[in-house]
Amino acid sequence: MEILTLSEYLKKEYGQKVYKISLSAGCSCPNRDGTAGFSGCTFCSEGGSGEFAKPLTGSRTIEQEIQEAKALVDRKIPAAIPEDQRKYIAYFQSYTNTYGDTKRLYELYGKVIRRPEIAALSIGTRPDCIDDEKLSMLKKLQAVKPVWVELGLQTMHDKTAQKINRGYPTAVFAECYQRLKAAGFTVVVHVILGLPGESREDMLDTVRYLAQLQPRLDGIKLQMLNILKGTQLAEEYREHPFPQMSMEEYCSLVAECLSLLPEDVVVHRMTGDGPKALLVSPLWAGDKKKVMNLLRKKIRETCRQQSVID
């Protein structure tokens, strides 16, 4: 089993390490403003699952936001690398970043993607929020530099999707995916492991579903369900606690998920590290270093097992 991580992919693509900066487009979500729902997905935080980016509000400009985000990331970059040689992925994560006025979004993203230090634009969104107008906007941006579209599927099972108030059926994802691939976009899909009521096989079925997509999936993000303060899920968990995977169970599951994917699918994430101040459960998810070490161990074990089988 060979795993192509995002870091390795970017080094091959750009010949150097590329860093991701989290930005905000100041968007809302149709699952919050009444278009698709009011309370949002049950797991989604007040920050729209993008707490690492400061909101684009008031007099703050996108240029200021970029400088602040770069300052945070630049702490990790060796001082020997000159500023004019550093490269970044501009990641718009919080809420739904193709939702809102198309002209405003095009001007905003256009300012970002045309900056020389930005290697690519990564836009997190919902598959029910990419109509023909938004697709045309994304194509114009793609003509400048690569645009990645990150879709929050979370699960292929519509029964679970209803429980977590996702707000659209999986058939909408499938249709959107085909339109994006036909238009030549890189598509990254988000999957949450450990959603209430899902068995291990249910979770593996979601990964199997993604693994068989044609045209082939470009990238995947896997993460354990994090129950965060202030969410509907946290309230449900307080009233009716449901079982969650241990770190050992989660890491074993991720290793099996990865073994199902084609080797050229880029693995963007294997675990999540939301704000520790908001984390209700599982608390082990807050120790990213420990989780990653165990993940590497489980992946090596799975590789050895497959070698014996082969």
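Buried residues have under 20% relative accessible area, exposed residues over 50%, and partly exposed residues fall in between (1.4 Å probe, protein chains only). The model is predicted, so local features need pLDDT of at least 70 and side-chain atom pairs count only at pLDDT 80 or more, whereas totals for chains, interfaces and linings use all residues. Residues are numbered from 1 along each chain as its sequence is written, and side-chain values use heavy atoms, with hydrogens and water left out.

View 1. Tyr 95 counts as partly exposed because its relative accessibility is 27%. Its place is the loop between strand 3 (87–92) and helix 3 (102–113); helices (H or I, at least four residues) and strands (E, at least two) are DSSP runs, numbered from the N terminus. Phi of Tyr 95 is near 60°, a positive value in a residue other than glycine. Asn 165 also has phi near 60°. Asn 165 sits in the loop between helix 5 (158–163) and helix 6 (170–182), and with a relative accessible area of 25% it is partly exposed.

View 2. The bond from Gln 214 to Pro 215 is cis, with omega near -5°. Pro 215 belongs to the loop between helix 7 (200–211) and strand 7 (219–224). Ser 281 and Pro 282 are likewise joined by a cis peptide bond, with omega about -5°. Pro 282 is in the loop between strand 10 (279–281) and helix 10 (288–309).

**View 3. Arg 269, a buried charge without a salt bridge.** Arg 269 is part of strand 9 (residues 266–269). Arg 269 is buried but has no salt bridge, a salt bridge being a side-chain nitrogen of Lys or Arg within 4 Å of a carboxyl oxygen of Asp or Glu. The nearest side chain of opposite charge is Glu 150, 6.1 Å away; Lys and Arg count as positive and Asp and Glu as negative, while His and the chain ends are not counted. The side chain of Arg 269 makes a polar contact of 2.9 Å with that of Gln 223. A polar contact is a pair of N or O atoms within 3.5 Å; within protein, one must be able to donate a hydrogen and the other to accept it, and residues adjacent in sequence count only if both atoms are side-chain atoms. Leaving out residues up to four places away in sequence, Arg 269 touches Gln 93, His 190, Ile 220, Lys 221, Leu 222 and Gln 223, where contact means heavy atoms within 4.5 Å.

**View 4. The largest nonpolar core.** This core has 75 residues, and those with the most contacts inside it are Phe 92, Tyr 109, Leu 121, Phe 173 and Leu 210. Helix 9 (residues 247–260) gives the largest share of this core, 8 residues. Apart from it lies another core, of 11 residues, among them Cys 41, Phe 43, Ile 164 and Phe 242. A nonpolar core is a set of buried Ala, Val, Leu, Ile, Met, Phe, Trp, Tyr and Cys residues joined through side-chain atoms within 4.5 Å.

**View 5. Aromatic pairs.** Rings of Phe, Tyr and Trp (its six-membered ring) pair if their centres lie within 6.5 Å; planes under 30 degrees apart count as stacked, over 60 as edge-to-face and the rest as tilted. By this rule the count comes to 5 aromatic pairs. The rings of Phe 173 and Tyr 209 form a tilted pair, because their centres are 6.2 Å apart and their planes are at 55°. Phe 173 lies in helix 6 and Tyr 209 in helix 7, so this pair ties together parts that are 36 residues apart in sequence. Phe 173 is buried at 0% relative accessible area, and Tyr 209 is buried at 16%. Tyr 237 and Phe 242 make an edge-to-face pair, because their ring centres are 5.2 Å apart and their planes are at 75°.

**View 6. Salt bridges.** A search of the whole structure finds 18 salt bridges. Arg 86 and Asp 74 meet in one at 3.5 Å, N to O, and both residues are buried. Lys 298 and Glu 301 form another, with their closest N and O atoms 3.7 Å apart. Both lie in helix 10, 3 residues apart, about one turn of the helix.
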